[in-house]
Amino acid sequence: MKRSRVITTALVLALGAGVIAFAPLPGASAKPANRHFRVEASAFKYTPATIRVNAGDHVTIDLVSTDVVHGLYVDGYDVSVTADPGRTASLSFVANRTGMFRLRCSVTCGAMHPFMIGKLHVGRNDLLWRALVLTLFAGLAGILLARVREVRQ
């Protein structure tokens, strides 16, 4: 394999990897929507345990406590609500920060209270797809390197 061809292929792979790593993905900016969730709090857990929304969504969470008084505090957004047993309480906010945030009980509800944690995932999981494509590029670079070594021997 000629040296110029190897350099050209390596540059194309490096450029492609750079684009995949840093360019915004098409369709990554979904229109904000109103998202409504019902979260049940009981026996030191939230159901569902994870809420997924897109950045910019207007999120409303109805907290329903089924046993004792529970709270729900969203880390990073500084919003909270408290629900009495058998009652529903709501909180709303705009998910304007991407990432993973904890949902924590804000009322001491029993011995396992510190472990009553849920998750709020805001945004798309672009890192997974970018990592998969970069792994593919690394594999192609490995194949290219192996072919260059074969030609030299």
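Predicted model: local features only at pLDDT ≥ 70, side-chain atom pairs only at ≥ 80, totals over all residues.
Buried means under 20% relative accessible area, exposed means over 50%, and partly exposed is in between, with a 1.4 Å probe and protein chains only.

Residues are numbered from 1 along each chain as its sequence is written, and side-chain values use heavy atoms, leaving out hydrogens and water.

Start with helix α1, residues 3-22. Helices here are DSSP runs of H or I with at least four residues, strands are runs of E with at least two, and both are numbered from the N terminus. The expected span is 1.5 Å times one less than the number of residues. For the 20 residues of α1 that gives 28 Å, and the end C-alpha atoms are 28 Å apart, so the two agree.

Which residues of α1 are buried? V6, L13 and G16. They cover an arc of only 95° around the axis, which puts them on the same side of α1. The arc is taken from the directions from the helix axis to the C-beta atoms. On the other side, R3, S4, L11, L15 and F22 are exposed. The general rule: an α-helix has 3.6 residues a turn, so residues three or four places apart point the same way.

Next, the aromatics. Rings of Phe, Tyr and Trp (its six-membered ring) pair if their centres lie within 6.5 Å; planes under 30 degrees apart are stacked, over 60 edge-to-face, and the rest tilted. The whole structure has two such pairs. Y77 and F93 make a tilted one, 4.9 Å centre to centre, with 40° between the planes. Y77 sits in the loop between β5 (70-74) and β6 (79-83), and F93 in strand β7 (residues 88-94), so this pair ties together parts 16 residues apart in sequence. Y77 is buried at 12% relative accessibility. F93 is buried too, at 6%.

Y77 also pairs with F101. Their centres are 5.1 Å apart and their planes at 65°, so this pair is edge-to-face. F101 is in strand β8 (residues 99-104), 24 residues from Y77. F101 is buried.

Last stop, S42. This residue is in strand β1 (residues 34-42). S42 is buried, at 17% relative accessibility. What joins the side chains of S42 and T66? A polar contact of 3.4 Å. Such a contact is a pair of N or O atoms within 3.5 Å; within protein, one must be able to donate a hydrogen and the other to accept it, and residues adjacent in sequence count only if both atoms are side-chain atoms. Leaving out residues up to four places away in sequence, S42 touches T66, D67, H70 and M116, with contact meaning heavy atoms within 4.5 Å.
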